[in-house]
Each structure stands twice: as structure tokens, then as C-alpha cells.
Amino acid sequence: MYNKGKIDRDVKKMMDDKEKCSCCAAHAQTVSQAKSSMPTDKEISGISAFFKVLGDPTRIRLMCVLEKGELCVCDLAVALDMTKSAISHQLSGLRRAKLVKSRREGKNIYYSVDDDHVREVLTLAYTHIRHSEQDNSDKCDG
């Protein structure tokens, strides 16, 4: 993956190169640690794709509903006041990204959040947004 000797040379070059950074304090150890623990290009692409799928408000709404439990397309359409076709279209993207899973029961297909990791990411996002909103409202209270 990464060559420690090359990383150390890169960090030294960065510290010596005044045009790249005008700060007087070089954090060579932190830079070296960051470079050596950098995810692979494939992992970065996967993370980017994950957040790209979640970047759509309709998909976020679907995920919020599915967090409450397993539902069929008809139930999701009613919950979100959308057509079944539009729901199915969004679900296909969420399934490809492995954010939701499905199971068949007779003629019906039920959808749910794929696993606890997806729930955790959504919960962290909610917490972050609520925390940010609280910080902003505190600043406005003056």
C-alpha cells in the first residue's frame, strides 16, 4: 500500500518546499500518519458513492421511513405521498448501494434498512444536524 520511507521523504519535501505551505509549524508526524492510514482509491470511491446515494432528499426520506420498519412499495408511497413508480425507482438505487434489502412474501416485496451500519450513519447524521442547528440557535439568541 504505502511505503514508509517514501512517506517520510514526501513529508520532508513538503516541509522544505516553502511554496506549498507558508506556515511556520510543520506537523510532520500527523501528516505521515494521515498518509499512511489513507484508505485505498477503491475504498475512497466506495465511500464517495455511498454518500452520493444518500445525497438525494427523497432517498433520505425513504431511509427515514424504513428505519421504522419493513414496508412494501405501496406503504412507502402512502407514507411519502409519492407514486409507486417513483418509490420503486428510488429503491432500486438504494438496493444497488446495499443501503436497503428486500424480501419476498407471496406476491409482496418488503423493504428494510440493510444493516445496523446504515442505521448508525443515519443516526450520526441526525445527531450532527441537530447539534449544528442547536449551535446556530445559541449564536442567534445573543
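Trainee: How many aromatic pairs does the count come to?
Mentor: This is a predicted model, so local features need pLDDT of at least 70 and side-chain atom pairs count only at pLDDT 80 or more, while totals for chains, interfaces and linings use all residues. Residues are numbered from 1 along each chain as its sequence is written, and side-chain values use heavy atoms, with hydrogens and water left out. Rings of Phe, Tyr and Trp (its six-membered ring) pair if their centres lie within 6.5 Å. By that rule, the count is one.

Trainee: Is the pair of phenylalanine 50 and phenylalanine 51 stacked or edge-to-face?
Mentor: Planes under 30 degrees apart count as stacked, over 60 as edge-to-face and the rest as tilted. Here the centres sit 5.2 Å apart with 90° between the planes, so the pair is edge-to-face.

Trainee: Is cysteine 72 buried or exposed?
Mentor: Buried means under 20% relative accessible area, exposed over 50%, and partly exposed in between (1.4 Å probe, protein chains only). Cysteine 72 has 12% relative accessibility, so it counts as buried.

Trainee: How many disulfides does a search of the whole structure find?
Mentor: A disulfide needs a pair of cysteine sulfur atoms within 2.5 Å. For cysteine 72, the nearest cysteine sulfur is that of cysteine 74, 4.7 Å away. The whole-structure total is zero.

Trainee: At what angle do the axes of helix H4 and helix H6 cross?
Mentor: Axes are lines fitted to C-alpha atoms, for helices over the stretch in contact, and angles run from 0 to 180 degrees between N-to-C directions. Helices are DSSP runs (H or I, at least four residues), numbered from the N terminus. The axes of H4 (residues 57-67) and H6 (residues 84-96) come within 10 Å and cross at roughly 85°.

Technical notes
Helices (H or I, at least four residues) and strands (E, at least two) are DSSP runs, numbered from the N terminus.
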